[in-house]
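Here is my notebook for this structure, written up as I went along. Have a look at the model first, then follow my entries.

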Amino acid sequence: MRRLLASLCILAAIGLSAAHAVLPDEMMADPAKEARARNLSRELRCMVCQNQSIDDSEAPLARDLRLLVRERIAAGDSDAQVINFLVARYGEFVLLKPRFERQTLLLWLIPPLVLFGGGAALWMHTRRRAKGPPALSPSLSAEEEAKIAALMSADATAENAGQSARTGSRSQQAQSRTRRAT
């Protein structure tokens, strides 16, 4: 039963992912022209949804654009002429993938430059790490070493005194316990 339910869920997900907003009344009779229209529709941005193609969008403006594309194809325009017509009417924003022109040069060049800069920074960081730790600080003078030795010996003396006091009190407690037991 679980396998059947899982299979149905997978089939439903596959079927839903292939859904398009193109309605049957929009489709052209000629399959070759319809294929051209669908390819062009996938390249054009829905002005309402903005991150969907007009082929996937259900917005009324997307429907109008799909019909306009089919009208231009039926009139005998080439794919480039249809795209140029829509760009002239709506601007470069109508294209999902902008053209490589002077106005869009920055848009096309920033991602590779950022990727190259990140790679260069990573390479420099790994080179710096491979060279080893930075140089050690200069050694201490004889006077500074004497002060450190004195401080360390004072700490050791105080620590030993504390340990012997603790040990002495423990031995006294043990002796008093043995006296009580006898």
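**Contacts along the chain.** I began with contacts, meaning heavy atoms within 4.5 Å. Of the contacts in the protein with a separation of 6 or more, 49% are between residues 24 or more positions apart.

**What I am working with.** This is a predicted model, where local features need pLDDT of at least 70, side-chain atom pairs count only at pLDDT 80 or more, and totals for chains, interfaces and linings use all residues. Residues are numbered from 1 along each chain as its sequence is written, and side-chain values use heavy atoms, with hydrogens and water left out.

**Overall make-up.** I looked up the secondary structure and found 6 helices and 0 strands, taken as DSSP runs numbered from the N terminus (helices are H or I with at least four residues, strands are E with at least two). Along the sequence I read the pattern α-α-α-α-α-α. Of the 182 residues, 18% count as buried; buried means under 20% relative accessible area, exposed over 50%, and partly exposed in between, using a 1.4 Å probe and protein chains only.

**Helices α2 and α4.** Next I turned to a helix pair. The axes of α2 (residues 31–43) and α4 (residues 79–90) come within 11 Å and cross at roughly 40°. Here axes are lines fitted to C-alpha atoms, for helices over the stretch in contact, with angles from 0 to 180 degrees between N-to-C directions. The α2 and α4 crossing is right-handed, that is, the near helix is turned clockwise from the far one by less than a right angle, anticlockwise being left-handed. I noted R36, L40 and E43 on the α2 side of the contact, and D79, V82 and I83 on the α4 side. These residues divide into 3 nonpolar, no polar and 3 charged. In this scheme Ala, Val, Leu, Ile, Met, Phe, Trp, Tyr, Cys and Pro are nonpolar, Asp, Glu, Lys and Arg are charged, and the others, Gly among them, are polar.

**R38.** I also checked R38, which is in helix α2. R38 counts as buried because its relative accessibility is 14%. R38 and D55 are 17 residues apart in sequence, and their C-alpha atoms are 6.7 Å apart in space.

**R45.** Where is R45 found? I located R45 in the loop between α2 and α3. Its relative accessibility is 12%, so R45 counts as buried. Not counting residues up to four places away in sequence, R45 touches several residues, including Q50, N51, L65, F93 and L96. R45 also lies over the face of F93, 4.5 Å from the ring centre. A charge sits over a ring if NZ of Lys or CZ of Arg is within 6 Å of the ring centre and within 35 degrees of the ring normal. I found R72 with its charged end over the ring of F85, 4.1 Å from the centre.

**L65.** L65 is in helix α3 (residues 60–74). With a relative accessible area of 2%, L65 is buried. Leaving aside neighbours within four places in sequence, L65 is in contact with R45, M47, I54, L86 and Y90.

**Aromatic rings.** My search of the whole structure gave 1 aromatic pair. F100 and W108 form this edge-to-face pair, 6.2 Å centre to centre with 70° between the planes. Rings of Phe, Tyr and Trp (its six-membered ring) pair if their centres lie within 6.5 Å; planes under 30 degrees apart count as stacked, over 60 as edge-to-face, and the rest as tilted. F100 counts as exposed because its relative accessibility is 55%, whereas W108, at 30%, counts as partly exposed.
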